[in-house]
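Hi,

Here is the structure I promised to pass on. Please open it and keep it beside this email as you read.

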Amino acid sequence: MEIREFQDMIREIYFHKDSGRGVERTFLWFIEEVGELSEAIRKRDGESMEEEFADVLAWLASLANLLGINIEEAVKKKYPGVCPYCGKKPCECEEKF
């Protein structure tokens, strides 16, 4: 499945609920899912990590749908096959952390 197909599927299933909830409340659900992913990673719970990665992606798609953003096009534009900062593949940027 392509990213665009996934985003379209999420729109078909959830857009009526997402639009009623609005951007701010949908963003809060997204953040909650990121927190659940964080906990699954901390616990190294493989099954939960898999589920939470899927949930985070689904809520991200919901937000993008509400805001009219095509995630696939945004990713292609920002990450054109090389690092968007140093322009190299693999990235040669110095670590900032």
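**What I found**

Met 1 sits in the segment before helix H1, which spans 3–21. Keep in mind that this is a predicted model.

Is Met 1 buried or exposed? Met 1 has a relative accessibility of 71%. The cut-off for exposed is over 50%, so Met 1 counts as exposed. Together with Met 9, Ile 13 and Tyr 14, Met 1 makes a nonpolar surface patch of about 410 Å².

Now look inside. Which residues make up the largest nonpolar core? There are six: Phe 6, Ile 10, Ala 58, Ala 61, Ala 64 and Ile 71. Helices H1 and H3 each supply at least two residues of this core. H3 gives the most, with three residues.

Next, go to helix H2, which covers residues 23–43. Ile 41 is found there. Its relative accessibility is 32%. How far apart in space are Ile 41 and Ser 62? From C-alpha to C-alpha, the gap is 23 Å. In sequence, Ile 41 and Ser 62 are 21 residues apart.

Move on to the loop between H2 and H3. Arg 44 is found in that loop. Arg 44 counts as exposed because its relative accessibility is 63%, and exposed means over 50%.

A charged patch comes next. Which residues form the negative surface patch? They are Asp 45, Glu 47, Glu 50 and Glu 51. Pick out Glu 50 as one of them. Glu 50 lies in helix H3, residues 46–67. With a relative accessible area of 63%, Glu 50 is exposed.

Finish with a peptide bond. Where is the cis peptide bond? It joins Lys 89 and Pro 90, with omega at about 0°. Pro 90 is in the segment after helix H4, which spans 71–78.

Best wishes

Notes:
Residues numbered from 1 in each chain as written. Predicted model: local features only at pLDDT ≥ 70, side-chain atom pairs only at ≥ 80, totals over all residues. Heavy atoms only, no water. Patch = residues over 30% accessible without salt bridge, like charges linked within 9 Å, V, L, I, M, F, W, Y side chains within 5 Å. Areas by Shrake-Rupley, 256 points an atom, 1.4 Å probe, with all protein chains shown as cover. Salt bridge = Lys/Arg side-chain N within 4 Å of Asp/Glu carboxyl O. Lys, Arg positive; Asp, Glu negative; His and termini not counted. Charge placed at Lys NZ, Arg CZ, Asp CG, Glu CD. Helix = DSSP H or I, 4+ residues; strand = E, 2+ residues; numbered from the N terminus. Buried < 20%, exposed > 50% of the residue type's maximum accessible area, 1.4 Å probe, protein only. Core = buried A, V, L, I, M, F, W, Y, C linked by side-chain atoms within 4.5 Å.
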